[in-house]
Amino acid sequence: MAKSLLIISRQAPWNGPSAREALDIALAGGAFDLPLGMLFLDDGVFQLAPGQQPTALQQKNLGANLQALPMFGVEALFACSHSLRQRGLAADTLELPVQVLDDAALAALIARFDQVVTL
Amino acid sequence: MKFAIAVFSPAHAPSSRRALRFAEAVLAGGHEIARLFFYQDGVHSASANVVTPQDELDVAAQWRTFIDSHQLDAVVCIAAALRRGVLDEAEASRYQRPAANLPKPWELSGLGQLHEAAQSADRLICFGGD
């Protein structure tokens, strides 16, 4: 059986290529039908914020690529409730259908996966 | 035990050195390295153009020697490398850049190689990252 991989994305979409590169790991794995999960943690939750205008920073919109996750079979999407609260983001306004987890649930989530990559 | 090792930081970062020491310990302990995968700023750890002052540790050179002497599979993510100016001869000529800085033993390839290595190994160990 294929090993499951949790990708923890911790960077804001405007903070260099890190967020995009974390997403690329998920999309590449989805193309191979691997059992993947993606967790948005710390500044990574900014990737889920509504109403972003990346063109003002001459950046491409990461949102469109994030929307591709379910199409690539990556449907296990999670966000840290503590990270959301610290940054003033409401769970019901997020751009992706994520499961919001408290700290105890986060620990259980990470333990459930065979492998973890943090970017 | 079989290890897949991913490196996300450049040669000047402590985690690149730690990754190298870990990889050495893996082999010294009689274990196996399925693949080394260099991603994000880790692609700089593969650059042949890193020049380290003579009285400092040259981690990039040590990576090269280590990979060469053990004939390891060392893959540099092509998308991450192009973005950061780490090019082999083929890519330098494809994009008409004046220099290549990724000689053998490094191999440019895609993220599928990270997944393949992680699947075939007992453990995936990552160094660096943000």
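Glu21(A) and Arg84(B) form a salt bridge with closest N and O atoms 2.8 Å apart, a salt bridge being a side-chain nitrogen of Lys or Arg within 4 Å of a carboxyl oxygen of Asp or Glu. Between chain A and chain B the count is two salt bridges. The model is predicted: local features need pLDDT of at least 70, side-chain atom pairs count only at pLDDT 80 or more, and totals for chains, interfaces and linings use all residues. Residues are numbered from 1 along each chain as its sequence is written, chains are lettered from A in the order in which they are written, and side-chain values use heavy atoms, without hydrogens and water.

| Item | Value |
|---|---|
| Residues from chain A in contact (heavy atoms within 4.5 Å) | 21 residues |
| Residues from chain B in contact | 19 residues |
| Area buried between chain A and chain B (accessible area, 1.4 Å probe, lost on being put together, summed over both) | about 1,600 Å² |
| Share of that area from carbon and sulfur atoms | 56% |

In chain A, the residues that lose the most area to chain B are Lys3(A), Glu21(A) and Gln115(A), together 33% of what that side buries.

Nine residue pairs, both at pLDDT 80 or more, are in polar contact across the interface. Helix H1 (18–31) and strand E5 (115–118) of chain A each give two or more residues to the side that touches chain B (helices are DSSP runs of H or I with at least four residues, strands of E with at least two). H1(A) gives the most, with seven residues.

Conventions: Buried area is the accessible area (1.4 Å probe) that two parts lose on being put together, summed over both. A polar contact is a pair of N or O atoms within 3.5 Å; within protein, one must be able to donate a hydrogen and the other to accept it, and residues adjacent in sequence count only if both atoms are side-chain atoms.
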